[in-house]
Amino acid sequence: MRVNIDEIKEAGLDRTWDVTPAQLDEMLAGDRSGFRARGPAHVEARLEKLERRIRVRADARAELTAACGRCLLPVSVDLPVEFELTLVAAEARAGAGSAARDGNKGPVGGSFAPDDAEEETYAGKVIDLDPIVREQLVLALPGYPVCKESCKGLCPVCGANLNDRECGCDRHVPDPRWAGLKNVKL
Ligand SMILES: [Zn+2]
Ligand SMILES: [Zn+2]
């Protein structure tokens with residue numbers, strides 16, 4: 001979704017759009033947790049302009065699927081993605097930097113220092129919101145999807161899904177941290 005900043009009037013600009021499953025899969029391709037799109041992701045964004053700064057607030061919902069990290073069965077995840085950030089015109093930021101360098105040597109850490117954590121720069125007149133949505137989506141992904149918190153996973157010996165049945169294998173793996181104690185004569 002591209003927005004020309006001239007379209008953002010004083011009252012702000014609301015934009016809603018769908019990220020198609022194909023686009024969503026592309027956004028997720030670099031992530032290792034194996035999430036895939038189950039459907040389109042609906043995004044609602046509000047943009048406000050204040051001089052050379054653009055405030056973006058967005059609310060999105062992505063319907064995703066991944067393999068359970070324990071039993072490998074498919075898990076459906078409805079992931080809310082909410083974020084708020086400020087885009088600063090690249091030229092404005094460069095100007096502010098040189099002004100600070102040339103300016104008086106007042107107290108260190110003045111209140112005009114931009115907060116890099118929440119600000120990103122944009123150049124020109126057109127803002128592309130897709131890379132921002134992608135970044136926020138990847139940040140919101142749970143690292144280790146599970147079908148349920150109590151998922152017992154697969155038997156490491158025979159591969160049976162232990163949620164379905166107890167296979168009866170001996171799965172006892174000696175803990176290497178305690179191995180030394182076997183030789184201790186009490
Ligand atoms: Zn599971
Ligand atoms: Zn087994």
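Visitor: What makes V19, A37, G39, A41, L64 and L137 count as being in contact with L24?

Guide: In this predicted model, contact requires heavy atoms within 4.5 Å, and, leaving aside neighbours within four places in sequence, L24 is in contact with V19, A37, G39, A41, L64 and L137.

Visitor: Which residues touch the most other members of the largest nonpolar core?

Guide: That place goes to L24 and I54, in a core of 41 residues. To this core β2, α1, β4 (41-50), β5, β6 and α3 each supply at least two residues, while the largest share, 8 residues, comes from β6.

Visitor: Why is this set called a nonpolar core?

Guide: The name applies because its members are buried residues of the kinds Ala, Val, Leu, Ile, Met, Phe, Trp, Tyr and Cys, joined through side-chain atoms within 4.5 Å. In soluble globular proteins, nonpolar side chains tend to be buried together.

Visitor: How do you know on which side of α3 its buried residues lie?

Guide: In helix α3 (residues 130-140), I132, V133, Q136 and L137 are buried, a term that calls for under 20% relative accessible area. They cover an arc of only 130° around the axis, and therefore they lie on the same side of α3.

Visitor: Against which elements do the buried residues of α3 pack?

Guide: Their partners are β2 (13-19), α1 (21-28), β5 (53-67), β6 (74-89), β7 (119-122) and β8 (126-128).

Visitor: How many of the contacts join residues at least 24 apart?

Guide: Among contacts between residues at least 6 apart in sequence, 64% join residues at least 24 apart.

Key: Residues are numbered from 1 along each chain as its sequence is written. Chains are lettered from A and ligands numbered from 1 in the order in which they are written. This is a predicted model: local features need pLDDT of at least 70, side-chain atom pairs count only at pLDDT 80 or more; totals for chains, interfaces and linings use all residues. Side-chain values use heavy atoms; hydrogens and water are left out. Buried means under 20% relative accessible area, exposed over 50%, partly exposed in between (1.4 Å probe, protein chains only). Helices (H or I, at least four residues) and strands (E, at least two) are DSSP runs, numbered from the N terminus. The arc is that of the directions from the helix axis to the C-beta atoms.
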